[in-house]
Amino acid sequence: MSSSPLSKKRRLSGSETKTGSHCSSSNSVRTEPSYTPSNGMAKNGSDAEIDEGLYSRQLYVLGHEAMKRMQTSNVLISGMRGLGVEIAKNVILAGVKSVTLHDQGVAEWRDLSSQFYLREEDLGKNRADVSQLRLAELNSYVPVASYTGTLTNDYLTQFQVVVLTNSSLEEQMRVGDFCHSKGVKLIIADTRGLFGQLFCDFGDEMMVFDPNGEEPLSAMISMITKDSAGVVTCLDEARHGFESGDHVTFTEVQGMTELNGCQPIEIKALGPYTFSICDTTSFSDYVRGGIVSQVKMPKKISFKSLSSSMAEPEFMLTDFAKFDRPGQLHVGFQALHAYEKKHSRLPKPWNQADADELVALAGEVNAAQTGSAKQDQLDEALLKKLASVSAGDLAPINAFIGGLAAQEVMKACTGKFMPVMQWLYYDALECLPEAEGVTPTEEECAPRNCRYDGQVAVFGTKIQELLSKQRYFLVGAGAIGCELLKNFAMMGLASGEGEIIVTDMDTIEKSNLNRQFLFRPWDVTKMKSETAAAAVKQMNPSVRITGHQNRVGPDTERVYDDDFFESLDGVANALDNVDARMYMDRRCVYYRKPLLESGTLGTKGNVQVVIPFITESYSSSQDPPEKSIPICTLKNFPNAIEHTLQWARDEFEGLFKQPAENAMQYLTDPKFMERTLKLPGAQPLEVLEAVYKSLVTDCPRNWEDCITWARNHWQCQYNNNIRQLLHNFPPDQLTSSGAPFWSGPKRCPHPLEFDTNNELHMDYVMAGANLLAQSYGMPVSRDRANVARLLQDIKVPTFTPKSGVKIHVSDQELQNSNASVGFSSDDSRLEELKTLLPAAESASQFKLCPIEFEKDDDSNFHMDFIVAASNLRAENYDIPPADRHKSKLIAGKIIPAIATTTAAVVGLVCLELLKVVQKHKKLETFKNGFMNLALPFFAFSEPIAAPKHKYYEIDWTLWDRFEVKGLQPSGEEMTLREFLAYFKDEHKLEITMLSQGVSMLYSFFMPAAKLKERLDLPMTEIVTKVSKKKLGKHVKALVFELCCNDETDEDVEVPYVRYTIR
């Protein structure tokens, strides 16, 4: 990703891939049983618990405090055209206390190009009334009402936040002054064709509790000086990441204990590992240790009212390449209001006289300015374009501005994240025809009383027809997929001869409903792709759409074959993992199809457009690999909750999944033993010991055995192993250099003593025993009292730490010891195990089933086990524990997600789609985008051009290849000898190595006998022989990779070969 700081590993979203599904959440305790809607959701307000099952992914973005503040906010959204409905959709999904929709207008044809909850049969009806029924279904925690009267001052006082869309300037001014005087927060949002406007006024005094939404940083300390500004040095394991002006507090400092639990101190960053704090001269001497943690400090900000901000505007830039546009558009939008007031209509699409009049009005507006809003010179060409497209109403622009505006509503309600200060203008003029001076004609763009009038007003009928014929492949029907489908339907993509094929192998889960807005509670457990396809058919019945349930990958290349890809106009990814993205990218490069790529992570989002022969591909740039936790840190020296959670996940796999898998393979797969014995090092012994444990020593006969196993395992992990570790390295142990062994990142542990009155100890035994019972196909039990009674009678073997037990202190030491393992004792134990293991014939008596970790089902004991296992280990090492919510995020590797970011990102994707459909060719016309709505920050850049390579005088990029027809005119297929000769004669290249996939077909160092055997074989025969796989009937061509020398015997880089066989 070129300009994107959002890494590919985390650039996720779309459909979260999970198995299993459920609709209950044991976390949502409700205090008021009197009101529960039919689907089991409860009402909002300060007395309601947050339904973590529904809001899970959003909670990881906003946090519980912000969600609670949001649940006390009543929001008014005025204007139910495309922009209004987009804002309302996002705000309702977010979970405010209530939403009131206001509109005095009726549905017209031009609304249908972006108002996804209006249908043709609704023409002439009030927009708010019609929308209310459909918006109310989105979230039964949020009451939605419609209001069709006038916005009197009295009426406005009942709301905490007021949003105006589609309002006159007079109304904006009146409402703006009133809201500012009464402390009601105001947002004004407007779109005109390819232009957007956003304004925020959250009052004279507003507290922002968290300006950026990032997790507070912490670091381990190695030194603190006594000074007028004490200098703190952190361990050089990682940079501290603090900035000057941050506030921090301290814990676990030895010696200079005055710092522990101190009030937040402002710091000054001195370097990557050092920063200065307050005067420390009067403090005790620093001895060792300590953790420094960042503290988020509330920040007070102040807004000007609309009337004073109009004259002295503060602009937020969305595109640094358009530095001067906000000021011009600030005047232009006022001129549009003046035009509308004068003519009771907007300028006609692409009408020259109307555009000239708007320019004249803009001149008058500008002349009347007294403050900084006055422009030295007006950009007439820009203002004419504003006039020409202002009657348009585009779904992608509404999605982008609507996503931003809804996020501002949430900021107004919660004080979470930094608001837009105070004006934001945006335009997407690159979507217009590329050629100089070519603009749509007035006739082409005139209204036709059809549902696309709002889009035709900007682009004309020819582009509308092009859109209707497009054949697009959408991969994923999760959050990004749902938003894309909605915009596709509004834009009329594939509404004629074209088709949208959407594939997703996932089913709908309750946690999806918070942002995958095409799904309803009654759709839970249905297939995403089919449900989404049916939902958009309701929005625009003429869209042709087909839902598939296939995973994209080598396994489905019979379905998504050459014929399929060659028939496409483009591909849109809505995926949640990098591997699938890279795979689709490779397919698009091979078939030379445009790819629209996007992703989100909380409030961050990015868009990348891949255009054949013009841009680099998605895979051209890669992120550095994620840092993994060293094995020895996990095994013996954890110092953070992330370490204990990863350890607990490994425990889960190693206790309830891996052993059952291996044992069942041993019992049912005759080749298992042979395969296992071929494994390197001590692995054969480890695997067979585990199988022996599963089938003999640990195999439970009844529920009591499961309890005994769990209790003994608790003893082993939280007492015995810790005592052994402390036997090897006592608390006062010194290293060879005389420093304390237990210091810096090594925290000295202490053993735990089991107690049936300790909830956490009981949680562990309950979860462990139930999971063991499940893995042996035995019934489970939730009777805690019974378990506590059974525990009284269990005799736990006494443990004495042994001498001579080797504990590795670093991963390097561990690797060295693995390399020097002696096998003599292992061999005899291996032979013994072979005789001790039960015969495979006895398989019928075992019902082992491996357990796949599923984080989102609160009744399955999985998260119960992870939380208990992790927090007990955290207690061993005095690491602060994590609650279930945080544990689920880290252990389940959940991607935080929120509807606002998704809507905004997808709006940008669909603007790129408009360029792709028109076949734009200039690199600078396309825009890769990155945003972080929390800051808020936007960056657009032209995509990176496809890098050029050269052999002889021939330039080539990743989009080029050699085309070789395998079938000769004679009907015979080319042999290897002929293939090598063809490159020598045609391209003056001597092939030194030739491969297909992972199969080496030819190399210059191949043994003579093997070469002789292959030279006269047809190419496809060599491929099937080497790969030991038959070529499917769907395969039309093979891809060969070449290493070549030129005529001077120099190694040259060349494109791949597409070798056509059918």
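A: The open sheet of 8 strands has the order E20-E19-E18-E21-E22-E23-E24-E25, with mixed pairing. Strands and helices are DSSP runs numbered from the N terminus, of at least two residues (E) for strands and at least four (H or I) for helices. The model is predicted: local features need pLDDT of at least 70 and side-chain atom pairs pLDDT 80 or more, whereas totals for chains, interfaces and linings use all residues. Residues are numbered from 1 along each chain as its sequence is written, and side-chain values use heavy atoms, without hydrogens and water.

Q: What makes strand E20 and strand E25 the edge strands?
A: Strand E20 (545-548) and strand E25 (937-941) each pair on one side only. Pairing requires that DSSP find at least two bridges between two strands. From one strand to the next, the twist averages 10°, with axes taken as lines fitted to C-alpha atoms (for helices over the stretch in contact) and angles running from 0 to 180 degrees between N-to-C directions.

Q: How do you know that E24 and E25 pair?
A: Strand E24 (residues 928-932) is joined to E25 by 5 bridges, and the two run antiparallel. The criterion is at least two bridges, so the strands count as paired. Phe 938 in E25 is the bridge partner of Met 931.

Q: What lies across E21, and at what angle?
A: Helix H14 (residues 479-491) runs at about 135° to E21 (570-573). The strands that H14 lies across also include E18 (471-475) and E19 (499-503).

Q: Why is the crossover from E2 to E3 called right-handed?
A: Strand E2 (residues 98-102) and strand E3 (residues 144-147) pair in the parallel sense over 4 bridges, and Val 99 stands opposite Val 144 in E3. The chain crosses from E2 through helix H3 (residues 127-136) to E3 in a right-handed β-α-β crossover. The term applies if, with the strands pointing away from the viewer, the path from the first strand over the helix to the second runs clockwise.

Q: Why is Cys 632 counted as buried?
A: Its relative accessibility is 4%. Buried means under 20% relative accessible area, exposed over 50% and partly exposed in between (1.4 Å probe, protein chains only); Cys 632 therefore counts as buried. Cys 632 lies in helix H18 (residues 631-635). An unreviewed UniProt entry places the feature "active site" at Cys 632; UniProt positions follow the numbering used here, feature names are shortened, and annotations may be inferred rather than shown by experiment.

Q: Which residues are in contact with Cys 632, leaving aside its neighbours within four places in sequence?
A: Contact means heavy atoms within 4.5 Å. The partners of Cys 632 include Phe 637, His 808 and Asp 811.

Q: Why is the pair of Phe 652 and Phe 853 called edge-to-face?
A: Rings of Phe, Tyr and Trp (its six-membered ring) pair if their centres lie within 6.5 Å; planes under 30 degrees apart count as stacked, over 60 as edge-to-face and the rest as tilted. By this rule there are 50 aromatic pairs. The centres of Phe 652 and Phe 853 are 5.4 Å apart and the planes stand at 70°, so the pair is edge-to-face. Phe 652 lies in helix H19 (residues 641-668) and Phe 853 in the loop between helix H26 (824-836) and helix H27 (862-876), 201 residues apart.

Q: Are Phe 652 and Phe 853 buried or exposed?
A: Phe 652 is buried, at 0% relative accessible area, and Phe 853 counts as buried at 16% relative accessibility.
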